[in-house]
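Subject: Structure handover

Hi,

Here is the structure for your files.

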Amino acid sequence: MKYLLLVFFFTGLIVNAQIVNKTDSNRIQTQDSVIVDSGTKDSLIIFKPTIQDYKFYTQFSEKRILDTVLSYDKTYIFTQYNNRDNFGKIQFANIGTGFNPLVYEYDPEQNLTLLPSNKAHNILGIRDIRYYDVKTPTAIFVYHNAMRNGVALNSTYTQNIGKTFNFAIEYMGLRSLGNYSNNLAVNNNTVFSGHFKSRNNKYEAFAHFIHQNVNSEENGGIVNDSLFLSGAEAYSNRANVEVNLQGVDSRFSYRRYYLGHQFSPFNPERFPFKLQHTISHQGNKYFFSQTGLQPFFYDQPTQIISGFPLSTGKYSNNLSNTVALIFHYEKFQLNAGIRHQNIAFGVYEPLEIGQLNVPQEIREDRIGAVGNLKINLWNKIALNADLEISRGEHFGNFIRTANTLHFEPFTGYFIDAKVNFQSSAPSFNYLLNTSPYRKMNYNFMDFKNQNILEIGGNMNLKWFNSQLFAQYFRIDNFTYFNAEGQPAQSNTSVNISQIGGEATFHYNKFRLNTRLLFQNTLTNKELFPAPNVIGRANLFYQTKAFKNAAELQGGIKVHYFTKFESRDYFPVLNEFTLQNANPFSIGGKPIVDAYINMKVKRMFFFVEGQHLNTILANNTTYTAPHYPFYDFRINIGIVWYMIN
């Protein structure tokens, strides 16, 4: 089957290579569609679309043209199974099984919901859903090969119906067996999206449905690290490496229905007011399943709850309804409204044992307010401020404000500054859990709000296409899992600083792109251990080929982070916990990749030899304690924009 797929791609490449490219943004600079007329009165008008006619956007962003230029950043994106630049993360040995975060960042998608950290790397939030505006039917395919056996394929089809409506259908399927035993990953997501705007511009609606599954077998890491590090012959076949867990898997399901629409009851030019209404329902489910009790998790029979189900799960549901009034006048916009939420969080196997009581469900109604302010001055200064507050009986007060300032005094030189603050209950994964293993049960509903202050920004310069950035975090009541997998909060704040930069140097057809980040946990280092330096360098050569019918890019990438005592990965919760009494360090070793990329028309090939170090020496690199990083592999990514 995989050979037939390759034949299909290469056949399309050969056929398309014979056609002159008329839609690439790097060949056609026309700002609008091209209309060809022979000059006679009765001649036909022929519509020839350009790449300017194919755009995508989110509900809260400007429209952007589909990017069909072979730029250096694509080698960071389309060599990753989640099609994102994963700087600051290190991947587990199998695609689809997540990452170990090396850099501190907080994920708003975890607010007032159940979302385990290691299941969040490919989740699409409301602000991530793409809508399209295309002149002709368009399909997009993104392919990745898998580890040992399998494939990852993301397919999108979108089409305009008239000038007022667009719909899109997207499906992603991933199945990767992995080189180690009990490491199968199966992910998929389905997205239906639509956008409608009336001809008189008085009514506009965005709607989508998304269903995602992030499933994987859990092997608990390898048993004997010394044999792995020594390159023992018995471990040369990774499938024979002894692992800690058998018959264990984790499954996460994410489903959302969403409708956001707005209406101008009066003439927008005379009365610039709009009524906005948004309603959504999101349901999350997490399951940890095992075919038998795992000795890896207990030492004595007394540490087991007799008769308790082997497989456990928990869920959250959020029905949100928002009504707002928008005032929009030229370069000023003010949005204010009220929001009602009905939130439920529970476990499928409630527990009452001794003084511990884990209820089946906690449900509450929350009332709050939302607001947004946008100001644009002289096309050089742009202010965007968001505010959301709400109050509930069980999950407490919620406050989140995000404020950004964009200042561009000269073209190509700009500063982006931000001040964000959030006070919220910890992610629901910290609040309740039940398990047949006694030490893994908890009820943490007496939490304190975790307060996160973020101050930072970046400066972009035209010189060497460079960027300087800095961030500071102060986290009060920092919430974490201790070495036993129990939730806890710090008594004093955790302070983290991040300073770095990125630049691209040019010499003829050679390029060097570098990115460097310095990070320091200033207080309570033991609660968030992290590398002090994270960096990467990409030296490559780029040129036209085959009489300008194709474009080639080839080079070497090096990734590096300093040695540190990483947190442990805890498969029961799909979270990271503090290490036990036996510290384990990772990092301090460069990871070298070599690649060659090619573009023909709107088709891209990304072929990369990853982790070249292991060709010459034993693999001694780890993603997390007892979880080795993958060995040398040939990674293939294919991206195809099919525009009719």
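**Ring pairs and burial**

Y131 counts as buried, because its relative accessibility is 1% (buried is under 20% relative accessible area, exposed over 50%, partly exposed in between; 1.4 Å probe, protein chains only). F206 is buried too, at 8% relative accessible area.

Before going on, some ground rules. This is a predicted model: local features need pLDDT of at least 70, side-chain atom pairs count only at pLDDT 80 or more, and totals for chains, interfaces and linings use all residues. Residues are numbered from 1 along each chain as its sequence is written, and side-chain values use heavy atoms, without hydrogens and water.

The whole structure holds 42 aromatic pairs (rings of Phe, Tyr and Trp, the last by its six-membered ring, with centres within 6.5 Å; planes under 30 degrees apart are stacked, over 60 edge-to-face, the rest tilted). Y131 and F206 form one of them: the centres are 5.0 Å apart and the planes at 70°, so this pair is edge-to-face. The pair links distant parts of the chain, with Y131 in strand β7 (residues 131–134) and F206 in strand β12 (residues 203–217), 75 residues apart. Strands are DSSP E runs of at least two residues, helices H or I runs of at least four, both numbered from the N terminus.

Ring pairs also join F288, F296, F297, Y298, Y437 and F570 into a cluster.

Two charges sit over rings (NZ of Lys or CZ of Arg within 6 Å of the ring centre and within 35 degrees of the ring normal). K89 has its charged end over F99, 5.9 Å from the ring centre. R130 lies over the face of F56, at 3.9 Å.

**Core**

The largest nonpolar core has 46 residues (buried Ala, Val, Leu, Ile, Met, Phe, Trp, Tyr and Cys joined through side-chain atoms within 4.5 Å). F252, F297, F345, F395, F428, L431 and V572 touch the most other members. Strands β12, β13 (248–263), β14 (273–290) and β16 (332–347) each supply at least two residues. The largest share, four residues, comes from β13.

D73 is in the loop between β4 (64–65) and α2 (74–77). D73 counts as partly exposed, because its relative accessibility is 29%. K48 is 25 residues from D73 in sequence and 30 Å away in space, C-alpha to C-alpha.
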